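Please keep the sequence and the 3D view at hand while reading.

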Amino acid sequence: MKKFDVSVLTVSVLILGLAVIGVSQAKGTTTDTVAAKIGNTTITQTQVYDALKVKSGPSVMTQLVAAELYRLEAQAQGISVTDQDLDKLINPIKEKLGTPEKFQEYLDEKHTTEQEFREKTRLILMRDKLLEKAFPPTEEQIKAYYEKNKDKYEKQTLEQARPDIVDKVKDKNRRANIDKWLEDLHKKYQVQIMDPALVEKEKKE
């Protein structure tokens, strides 16, 4: 199972474009919009999307499938991410940057809008809630982490350090289990990718 890159919304336009081209070709449309001109030579939108499909299509499809699996599983388990949940993460970023203009610069650097940024964050939170429910931190893990990192928490008791340790163990559990968990979701929801060109190949170790 390929590792999932959470930056799904930044590339979703590619697959949308591929879908549009696919529909156009399926209907037998012969016209093709010109995307660029170099002297007397033209580059069409179909050429652009074909090139993007070969280069990035499989990884983008992997990300989009994973995103939809998160939504389906969250719906099945009654898990949601509220606007208040998003504000708790995004507002501190705004406060740190200081002004609306600085926040806009931050978004521009990421080539996204605030709405897209919020939806991307919602997706990540949804994934994390699902994984936390599937693989919650155990008391044994918390105690083991505290013992292993006593030098870091030398001035804190286990109970004082617990909130930070719980977050660390949650993150460790997510990273350790996400690939197998996603593989199980693929089976549960019977994922089928119809275009072989969009199937991501496993990399050899």
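## A pair within helix 2

In this predicted model, the side chains of Glu68 and Arg71 meet in a salt bridge, with a distance of 3.5 Å from N to O; a salt bridge is a side-chain nitrogen of Lys or Arg within 4 Å of a carboxyl oxygen of Asp or Glu. Because Glu68 and Arg71 are three residues apart in helix 2, which covers residues 45–77, about one helical turn separates them. Glu68 is partly exposed, at a relative accessible area of 38%, and Arg71 is partly exposed too, with a relative accessible area of 38%. Here buried means under 20% relative accessible area, exposed means over 50%, and partly exposed lies in between, as computed with a 1.4 Å probe on protein chains only.

Side chains of opposite charge can pair when their charged atoms come close.

## How the model is read

Residues are numbered from 1 along each chain as its sequence is written, and side-chain values use heavy atoms, with hydrogens and water left out. As the model is predicted, local features need a pLDDT of at least 70 and side-chain atom pairs count only at pLDDT 80 or more, while totals for chains, interfaces and linings use all residues.

The pLDDT, which is the predictor's confidence in each residue on a scale from 0 to 100, averages 86 in the protein, and 83% of the residues score at least 70. Over residues 1–29, however, the pLDDT is below 50, and this stretch has 52 contacts in the model beyond near neighbours in sequence, a contact being heavy atoms within 4.5 Å.

## Overall architecture

The protein has seven helices and two strands, which follow the pattern α-β-β-α-α-α-α-α-α along the sequence. Helices (H or I, at least four residues) and strands (E, at least two) are DSSP runs, numbered from the N terminus.

Of the 205 residues in the protein, 30% are buried. Among contacts between residues at least 6 apart in sequence, 73% join residues that are at least 24 apart. The accessible surface, computed by the Shrake-Rupley method with a 1.4 Å probe, comes to about 13800 Å², and carbon and sulfur atoms account for 54% of this area.

## Other salt bridges

The structure holds 20 salt bridges, and one of them joins the side chains of Asp83 and Arg118, at 3.9 Å from N to O. This pair links distant parts of the chain, since Asp83 lies in helix 3 (residues 83–97) and Arg118 in helix 5 (residues 114–134), 35 residues apart. Asp83 counts as partly exposed at 42% relative accessibility, whereas Arg118, at 13%, counts as buried. Asp83 and Arg118 also belong to a network of salt bridges that links them with Asp87, Glu119 and Arg122.

In helix 7 (residues 158–188), Asp164 and Lys168 are four residues apart, so that about one helical turn separates them; their side chains meet in a salt bridge of 3.0 Å, N to O. Asp164 is partly exposed at a relative accessible area of 29%, and Lys168 is partly exposed at 31%.

## A nonpolar patch

Ile38, Ile43, Val48 and Leu52 make a nonpolar surface patch of about 290 Å². Patches consist of residues with over 30% relative accessible area and no salt bridge, where like charges are joined within 9 Å and nonpolar side chains (Val, Leu, Ile, Met, Phe, Trp, Tyr) within 5 Å. Leu52 is found in helix 2 and is partly exposed, with a relative accessible area of 33%.
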